[in-house]
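Subject: Structure handover and findings

Hello,

Here is the structure I promised to pass on. Please open it alongside this note.

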Amino acid sequence: FSDYNMKIQFIILLILITILPLKAQEESANVREGNKLYKSEKYVDAEVAYRKGLQRNPKSFEAMYNLGNALFKQEKYADALEQYKNSLALQPAQKERIAAAFHNAGNALLSDKKIEESIGAYKMALKANPKDDETRYNLAYAQLLLKNQQKNK
């Protein structure tokens with residue numbers, strides 16, 4: 001049932017990506033502040049800055065995507081995944097950003113032990129950027145984990 005729900009969510013996400021073309025938004029001072037905090041490994045403070053940036057500009061890919069990264073570093077994988085999904089709807093034309101968001105969504109799912117769902121996210125990332133070796137590696141790793149998990153059942 002959860003695999004079906006994840007597939008439905010990805011289909012809905014793809015539909016949103018194709019029907020909601022939005023212009024790229026400039027980074028706000030809050031996002032730049034969040035980036036500095038993130039680089040200093042102050043992930044909670046970075047999260048706060050990114051959230052402030054989203055209050056000022058709810059359609060900021062950078063704020064949403066980077067918020068996902070800050071949440072991921074805090075091991076808040078479900079919250080990070082939500083931000084990656086939200087960021088995808090904001091960048092329908094930029095394949096590199098789409099690939100990065102799906103890649104990180106895969107990482108969040110894998111870290112949350114949702115192996116099958118992570119495989120789907122990595123595949124979507126590779127559709128957007130077929131040359132990404134890191135995503136290809138993560139996909140192979142997730143597939144190996146799934147195979148081992150199925151063997152041990």
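Below is what was found in it, from the overall fold down to single residues.

First, the ground rules. This is a predicted model, in which local features need pLDDT of at least 70, side-chain atom pairs count only at pLDDT 80 or more, and totals for chains, interfaces and linings use all residues. Residues are numbered from 1 along each chain as its sequence is written, and side-chain values use heavy atoms, with hydrogens and water left out.

Overall fold

The protein has eight helices and zero strands. Helices (H or I, at least four residues) and strands (E, at least two) are DSSP runs, numbered from the N terminus. Along the sequence the pattern reads α-α-α-α-α-α-α-α. Of the 153 residues, 44% are buried. Buried means under 20% relative accessible area, exposed means over 50%, and partly exposed lies in between (1.4 Å probe, protein chains only). Take the contacts between residues at least 6 apart in sequence: 54% of them join residues at least 24 apart. A contact here is heavy atoms within 4.5 Å.

Cores

A nonpolar core is a set of buried Ala, Val, Leu, Ile, Met, Phe, Trp, Tyr and Cys residues joined through side-chain atoms within 4.5 Å. The largest one holds 32 residues. Phe10, Tyr50, Tyr84 and Phe102 have the most contacts inside it. Two or more residues each come from H1 (2-19), H2 (29-39), H3 (43-56), H4 (61-73), H5 (77-88), H6 (95-111) and H7. Another core lies apart from it, with eight residues, including Leu110, Ile115, Ala142 and Leu146.

H5 against H6

These two helices pack at about 160 degrees, with their axes 9 Å apart. Axes are lines fitted to C-alpha atoms, for helices over the stretch in contact, and angles run from 0 to 180 degrees between N-to-C directions. H5 and H6 are therefore roughly antiparallel. The cut-offs are under 35 degrees for roughly parallel, over 145 for roughly antiparallel, 65 to 115 for roughly perpendicular, and oblique for the rest. The crossing of H5 and H6 is left-handed. That term applies if the near helix is turned anticlockwise from the far one by less than a right angle; clockwise is right-handed.

On the H5 side, the contact uses Tyr77, Leu81, Tyr84, Ser87 and Leu88. H6 brings Ile98, Ala101, Phe102, Asn104, Ala105, Ala108, Leu109 and Ser111. By class, the contact of H5 with H6 has 10 nonpolar residues, three polar and no charged. Ala, Val, Leu, Ile, Met, Phe, Trp, Tyr, Cys and Pro count as nonpolar, Asp, Glu, Lys and Arg as charged, and the others, Gly among them, as polar.

H7 against H8

H7 (residues 115-128) and H8 (residues 133-151) pack at about 155 degrees, with their axes 9 Å apart. That makes H7 roughly antiparallel to H8. Their crossing is left-handed. Residues in the contact include Ile115, Ile119 and Tyr122 from H7, and Leu139, Ala142 and Leu146 from H8. The contact of H7 with H8 divides into nine nonpolar, five polar and three charged residues.

Leu146 deserves a look. It sits in H8 and counts as buried at 13% relative accessibility. Beyond four places in sequence, Leu146 touches Ile115, Glu116 and Ile119. Leu146 and Lys114 are 32 residues apart in sequence, yet 9.6 Å apart in space, C-alpha to C-alpha.

Other residues to check

- Asn30 is in H2 and counts as buried at 17% relative accessibility. Not counting residues up to four places away, Asn30 touches Ala49, Lys52, Gly53 and Arg56.
- Arg97 is in H6 and is partly exposed, at 23%. Arg97 and Tyr65 are 32 residues apart in sequence and 9.1 Å apart, C-alpha to C-alpha.
- Glu41 is in the loop between H2 and H3. Its phi is positive, about 65 degrees, although Glu41 is not a glycine. Glu41 counts as exposed, at 59%.
- Glu75 is in the loop between H4 and H5. Phi of Glu75 is also positive, near 65 degrees. Glu75 is exposed, with a relative accessible area of 58%.

Best wishes
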